[in-house]
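Please read these numbered points with the model open beside you.

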Amino acid sequence: MKLSNVLYESVKEIWQSYLQHPFVKGLGDGTLPEDAFRFYMLQDYLYLLEYSKVFALGVVKSKEEKLMRRFAKMVHNTLDGEMNIHKTYMKRLGISEQEIQNAKQSLANRSYTSYMLEVAYNGDVLDVLVSILACAWSYQMIGAHHKQLPNALKHPLYGEWVWAYSSEQYQKDTEQLIALTDELAEGISLKRIEQLKEVFVNCSRYEYAFWDMSYQKEL
């Protein structure tokens, strides 16, 4: 069985719980309070800055040029792709550059990103990939789910978010991330699989905490 299948089986119940969370549900049915989304946008912007550093550690940990380039592309896709969604939204929400500069990571946000960076610093390229995979993959899952909901893509505020994370490009990027994880995991020991499962489960739990933090607007 591929590592990605093992990882998914270990968290599928956690991921299904995302779809029942009021923040995630509200993105799909349009009932999410705008102030909660505004709070989330700022916190997710700060999160993505740290997330990019985890990808950058993949460059540092790589021993081959080809793999270095793949991680470098992931940094680019985050900073110059996914970040653009946030910057566009922040303008629409009236979030000033000064507010962005003065924003502080919430406790849940800092705990999550610190955990990912710790795993990446102390591990290898596979640890780097697994530490970020729960975020990328679960967002793709949520986007695909919400895309099927009536009028989700047409919502004047949240439709763009649903479109971004259900787009063919985002799906392709996520599939490439999963494929690379499986490629690098070929032949690893059962002990190593258990270590990676622990990281994946922990990051999936942090994802739920992030949704909860955003809904509660809790610093």
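1. In this predicted model, the axes of helix α3 (residues 34-61) and helix α6 (residues 107-122) come within 9 Å and cross at roughly 0 degrees, where axes are lines fitted to C-alpha atoms over the stretch in contact and angles run from 0 to 180 degrees between N-to-C directions. The two helices are therefore roughly parallel to each other, a term used for angles under 35 degrees. Helices here are DSSP runs (H or I) of at least four residues, numbered from the N terminus.

2. Contact means heavy atoms within 4.5 Å, and residues of α3 including L46, Y47, V54 and L57 meet residues of α6, among them Y112, M116, L117 and Y121. The residues of this contact divide into 10 nonpolar, 4 polar and 3 charged; Ala, Val, Leu, Ile, Met, Phe, Trp, Tyr, Cys and Pro count as nonpolar, Asp, Glu, Lys and Arg as charged, and the others, Gly among them, as polar.

3. The whole structure holds 25 aromatic pairs, that is, rings of Phe, Tyr and Trp (its six-membered ring) with centres within 6.5 Å, called stacked if the planes are under 30 degrees apart, edge-to-face if over 60 and tilted for the rest. The ring centres of F37 and Y89 are 4.9 Å apart with planes at 80 degrees, so this pair is edge-to-face. Because F37 lies in helix α3 and Y89 in helix α4 (residues 65-92), the pair ties together parts 52 residues apart in sequence. Both F37 and Y89 are buried (under 20% relative accessible area, with a 1.4 Å probe and protein chains only).

4. Residues are numbered from 1 along each chain as its sequence is written. Local features need pLDDT of at least 70, side-chain atom pairs count only at pLDDT 80 or more, totals for chains, interfaces and linings use all residues, and side-chain values use heavy atoms, leaving out hydrogens and water.

Definitions and conventions
Parallel < 35°, antiparallel > 145°, perpendicular 65-115°, else oblique. Buried < 20%, exposed > 50% of the residue type's maximum accessible area, 1.4 Å probe, protein only.
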